[in-house]
Amino acid sequence: MCLVAFEKTNTSIKTSGLHDHPIWAYYCITSRCDRNCSFCYAKDWNYSDTNIELFPQIVERLKNIGIRQISITGGEPTIHPDIVQFIKISNEAHFK
């Protein structure tokens, strides 16, 4: 998981007013992909799919530290068998 301390809607170059803690998390749910893009940075990753059962706990912890947005990533996250559940849990927690 990667935590980021900026918002993509903030186009200001000034650093004043930016958050002093991460507000955006990238959560990788799979390294699998059904494509073979030559430019892909993740094609050499080799780890198993993330278990959906742990995700509600992770979401709660992210909310507790002030995360407001989650990007569900991968490989190709749409081929994870539980992608709809990941999105549903994220939406129910009111993440962007």
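On the face of α2 turned away from its buried side lie the exposed residues V84 and E92. This description, like the rest of the report, concerns a predicted model. Helix α2 spans residues 83–92, and within this helix I83, F86, I89 and S90 are buried. These four cover an arc of only 130 degrees around the axis, which puts them on the same side of α2.

The segment after α2 contains H94, whose phi is near 65 degrees, a positive value in a residue other than glycine. With a relative accessibility of 67%, H94 counts as exposed, because the cut-off for that class is over 50%.

## The fold as a whole

The secondary structure of the protein consists of two helices and three strands, and read along the sequence these elements follow the pattern β-β-α-β-α. Of the 96 residues in the protein, 31% are buried. When contacts between residues at least 6 apart in sequence are considered, 69% of them join residues at least 24 apart. The accessible surface of the protein comes to about 6800 Å², and carbon and sulfur atoms account for 53% of that surface.

## Aromatic pairs

How many aromatic pairs does the structure hold? There are four aromatic pairs in the structure. In one of them, the rings of W24 and Y26 have their centres 5.3 Å apart and their planes at 20 degrees, so this pair is stacked. Another pair, formed by F55 and F86, is edge-to-face, with 4.8 Å from centre to centre and 65 degrees between the planes. Since F55 belongs to helix α1 and F86 to helix α2, this pair ties together parts that are 31 residues apart in sequence. Ring pairs also link Y27 with F55 and F86 into a cluster.

The table sets out the accessibility of the residues in the two pairs described above.

| Residue | Relative accessible area | Class |
|---|---|---|
| W24 | 6% | buried |
| Y26 | 29% | partly exposed |
| F55 | 0% | buried |
| F86 | 0% | buried |

## The loop between β2 and α1

Two further residues, S31 and Y47, can be taken together here. S31 has its place in the loop between β2 and α1, and Y47 lies in the loop between β2 (24–30) and α1 (55–64). Is S31 buried or exposed? With a relative accessible area of 12%, S31 is buried, because the cut-off for that class is under 20%. Y47, in turn, counts as partly exposed at 34% relative accessibility.

Leaving aside residues up to four places away in sequence, S31 touches W45, N46, Y47 and G75. Which residues form the nonpolar patch on the surface? The patch is made up of Y41, W45 and Y47, which together have about 360 Å² of accessible area. W45 and Y47 are therefore members of this surface patch and are also among the residues that S31 touches, where touching means heavy atoms within 4.5 Å.

Key: Residues are numbered from 1 along each chain as its sequence is written. This is a predicted model: local features need pLDDT of at least 70, side-chain atom pairs count only at pLDDT 80 or more; totals for chains, interfaces and linings use all residues. Side-chain values use heavy atoms; hydrogens and water are left out. Patches are made of residues with over 30% relative accessible area and no salt bridge: like charges are joined within 9 Å, nonpolar side chains (Val, Leu, Ile, Met, Phe, Trp, Tyr) within 5 Å. Accessible areas come from the Shrake-Rupley method with a 1.4 Å probe; for residues, only the protein chains shown count as cover. A salt bridge is a side-chain nitrogen of Lys or Arg within 4 Å of a carboxyl oxygen of Asp or Glu. Buried means under 20% relative accessible area, exposed over 50%, partly exposed in between (1.4 Å probe, protein chains only). The arc is that of the directions from the helix axis to the C-beta atoms. Rings of Phe, Tyr and Trp (its six-membered ring) pair if their centres lie within 6.5 Å; planes under 30 degrees apart count as stacked, over 60 as edge-to-face and the rest as tilted.
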